[in-house]
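User: Please take a close look at one part of this model, the interface. Keep it brisk.

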There are 2 protein chains.
Amino acid sequence: VSDAERPGGLPFPFPTVAWRDEAVVLLDQTRLPGALVWRTCGDVAQLCGAIRELAVRGAPAIGIAAAYGLALAWRRAAASGDGPAAALASLGAARAALAGTRPTAVNLFWALGRQARLAERAVAAGADAATVGAALLAQADAILADDLARGRALGEAGAALLPERCAVLTHCNAGGLATGGYGTALGVVYAAQASGREVRVFADETRPLLQGARLTAWELAARGIPVTLLCDGAAGGLLRAGRVDAVIVGADRIAANGDLANKVGTYPLALLAREHGVPFYVAAPASTFDPATPDGAAIVVEERNPDEVLCLGGTRLAPAGVTAWNPAFDVTPARLVTAFITEKGVLRPPYAASLAVLGPDAGA
Amino acid sequence: VSDAERPGGLPFPFPTVAWRDEAVVLLDQTRLPGALVWRTCGDVAQLCGAIRELAVRGAPAIGIAAAYGLALAWRRAAASGDGPAAALASLGAARAALAGTRPTAVNLFWALGRQARLAERAVAAGADAATVGAALLAQADAILADDLARGRALGEAGAALLPERCAVLTHCNAGGLATGGYGTALGVVYAAQASGREVRVFADETRPLLQGARLTAWELAARGIPVTLLCDGAAGGLLRAGRVDAVIVGADRIAANGDLANKVGTYPLALLAREHGVPFYVAAPASTFDPATPDGAAIVVEERNPDEVLCLGGTRLAPAGVTAWNPAFDVTPARLVTAFITEKGVLRPPYAASLAVLGPDAGA
């Protein structure tokens, strides 16, 4: 993997998480769009740091990174001579550390759960440490490959909802960078483009960390899709002017009743879309749906460091002594969601019934 | 006036526009909160530049600055020996230049119209150039003094709407800095504090130019009012959590039917307030009401340089080649406004009737 590469030649899908030489390698999203830099995590502590700092972010991508993280933990233990019982203890510690990085995205817990169950069953069945290590890596690879395949299926299901010429408004980055490489909300856009539709995107810049300006704009521009940035507060005027055919966002956790957590600023968009009769679609794979969370009130919303709001690039924006409230997510009630776009098709209200199609693939 | 002064000792009201030594002196709001710097405009071209660059901003403050600007234009002409007819021509040119700076705030046109009418009538009545120059300066002083008095009256009318302990959410800066020194939306907060109410403020940071983070936080903190910043997109979660008792904003132009233009991001707040049963108040002096504009569709919304969105402090945030849509304002329909808070009292729907109380003080 090269250290720096021009986005003009961006392959598609573009990997955001990979396994190389017994390490988890991440495209460092804190450095985009200025630099295309890969960050190597040789142990779980480094990976936890990368997740907390948002070097890797986006619910599906965090899940993939965590799956590789447990493979890493096991294989390091096995390489240092640990047998299955000791390796299982290391894996448990790694699982706890990774689970503590970010509370909201359910895909993280889903991936950790799948890997832990695999290891526990294999050990119970008498597998040796090397065999379990190979199986954990293979399952992480499968989770990544599966994410790409599901991204394509989801994208195609969503593209069919769009008119031949359309303008899509999106928030944050639910693109290739947030997933194994294809995308959820932007996966719909890519599939629409591939199907011959003329699609353009309005991208909220998405304060405080500007994932829209830095990441969504970057990957869309690199793929030749016309993209116009706007401040988050400008979406109201845009919708009011009738310039948007569909709002499409991703999600970090979708409760059993269809309430969802997504990047802060999503809920106002949903309200605006309803006010203006514009469909509001949430694009997410089955792993983002959490049957164990009954509704939005039960979703834990991560609050992050106020400095993300108060400072930018090391420069303080606000006066000394002033603080900020910095929730990473907000909760959008199911009644504002026109449909969920998933790899198993487009799910419409009533969600208590329609989400059942997701079955055992649903998260956590 | 000192070049730098600690905000801790901020006098109240704090002048944002003043007349000193035949020049218009402005507190340079582009430099806040880092530095308290005064900018001297010795001619109308400099003043136009200062208005365009937002060194002075806020509808009432722009009106005051423009009133002084026409006094400046006349007095410079008179000082160079022009008689009334030539000075009137200079004044006409200055009026056109100032009117071209920012299209949305009606107070600008209101102040220009008042000054121009005064000069025209005085010249028609046979006044000499020095007399007209003195009268124009006196009227600019009166517009400033009047703004302060109206700000106090408006603040007291609004404070009576608030409970004894309350949290107010505001957007942009409708404070002392946006006016002659007292404020509209923040004038209500100051009056509430003065009346013994326990008031705290949540301030949207207000992208792209961060007037909430830079200006509102600065003036509230300097006056000991607890203030918490948030990203514009976070207001939805804040209202949904029931943490706001009232939303109070200013306005740049209010149409005859009560539709209003205010800083971009205001309209989503109004929609959120209605959704959560929180009152949405618009605080503005009579000069902000424009009977000549029938409704929001007739309001011209200024679009500013995309670089305000794409760059911050000289650093580009978005990838090269990506553009942005950067409207300075949005339009909020009258049906979302719980009441207008004015110096003539609190005006409630139906606005077509209640706004009539503003009479000849209304703008343009």
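Analyst: Start with a term: a salt bridge is a side-chain nitrogen of Lys or Arg within 4 Å of a carboxyl oxygen of Asp or Glu. The model is predicted, so local features need pLDDT of at least 70 and side-chain atom pairs pLDDT 80 or more, while totals for chains, interfaces and linings use all residues. Residues are numbered from 1 along each chain as written, chains are lettered from A and ligands numbered from 1 in written order, and side-chain values use heavy atoms, without hydrogens or water.

Now the interface. In chain B, 46 residues are in contact (heavy atoms within 4.5 Å) with 46 residues of chain A. The two chains bury about 3800 Å² between them, 69% of it on carbon and sulfur atoms. Buried area is the accessible area (1.4 Å probe) lost on putting two parts together, summed over both. B:Arg240, B:Leu317 and B:Trp325 supply 17% of what chain B buries against chain A, more than any other three residues.

Next, the salt bridges. The rule finds 6 across this interface. In one of them, the side chains of B:Arg274 and A:Glu275 meet at 2.8 Å, N to O.

Which element of chain B gives the largest share of the side that touches chain A? Helix 9 does, with 6 residues. Helices (H or I, at least four residues) and strands (E, at least two) are DSSP runs, numbered from the N terminus.
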